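Let's take a walk through this fold, starting with a sheet and then moving on to the helices. Have a look at the picture before reading on.

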Amino acid sequence: MTIGKRPSVLLRGYDEIRRLRRARQQPELEMTCVPVAPLLDETRLRLFPMLPRRLPAFFVIRGPLACVAFNADTREGAVFVHALLNHPAVPVEVFDLICRHELLHLVIAAREINGKLIDHPPEFFEKERAITPDRDAAWEWVWGHCWEVLRQDKKRESMVVKRGWRHQGRWWSADAGADSIVTTPPVTPRSF
Ligand SMILES: [Zn+2]
């Protein structure tokens, strides 16, 4: 369905879902120094022993900065991390935060607050803070290195990676490295 030459919002939404599904079927080869899937499982066993099954972790070129997909019926799922973070310079604290945050979603469910379904209710962040001592440092690293290609989607409570992220960000430019100096970011986000 199109209106004039522009695809409808519905169609664009459907296209995006298809692209996301395709990206998830073709994950990237991991280039990090920290192997993320073993870290995710170690985190699960240590901090979330109530979760009985191992979850795989993949880097994909679409979707939010990080998220967990989980089927409550089959008890199967996976953590997807955006390929923006698929780089050897990303510190372990960032992946620690992602692993803890995503597994916490399987323990603290979204709930309605003032008539709105909230993925990250106050108790979620309270627990996340309690189990992630390096949380602020991890976010500062992510925002400090990647803020130019990130956008907070407050409505969806997620961190969106902008189009053209491979080319726009300082992080991916030829002279970028782990110690690149980055302009002070205007906001430090606090949620994936
Ligand atoms: Zn989240």
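Two strands pair if DSSP finds at least two bridges between them.

Residues are in contact if their C-beta atoms, placed from the backbone, lie within 7 Å.

Now zoom in on a pair of strands. E4 (residues 66-71) and E5 (residues 76-82) run antiparallel and are joined by six bridges. Here are some of the partners:

| Residue | Bridge partner in E5 |
|---|---|
| alanine 66 | valine 81 |
| phenylalanine 70 | glycine 77 |

The hairpin of E4 and E5 has four residues between the strands, and arginine 75 takes a positive phi near 60° there.

Next, the helices. How do the axes of H3 and H5 cross? Helix H3 (residues 92-105) and helix H5 (residues 135-146) have axes that come within 8 Å and cross at roughly 110°. The two helices are therefore roughly perpendicular to each other, a label for angles of 65 to 115 degrees (under 35 is roughly parallel, over 145 roughly antiparallel, and the rest oblique). Glu93, Val94, Asp96 and Leu97 on the H3 side meet Arg135, Ala137, Ala138, Trp141 and Val142 on the H5 side. Sorted by type, the residues of this contact are six nonpolar, no polar and three charged. For that count, Ala, Val, Leu, Ile, Met, Phe, Trp, Tyr, Cys and Pro are nonpolar, Asp, Glu, Lys and Arg are charged, and the others, Gly among them, are polar.

Stepping back, the protein chain has six helices and nine strands. Among its contacts between residues at least 6 apart in sequence, 59% join residues at least 24 apart.

Two notes on reading all this. Residues are numbered from 1 along each chain as its sequence is written. In this predicted model, local features need pLDDT of at least 70 and side-chain atom pairs count only at pLDDT 80 or more, while totals for chains, interfaces and linings use all residues.

Notes:
Axes are lines fitted to C-alpha atoms, for helices over the stretch in contact, and angles run from 0 to 180 degrees between N-to-C directions. Two residues are in contact if their C-beta atoms, placed from the backbone, lie within 7 Å.
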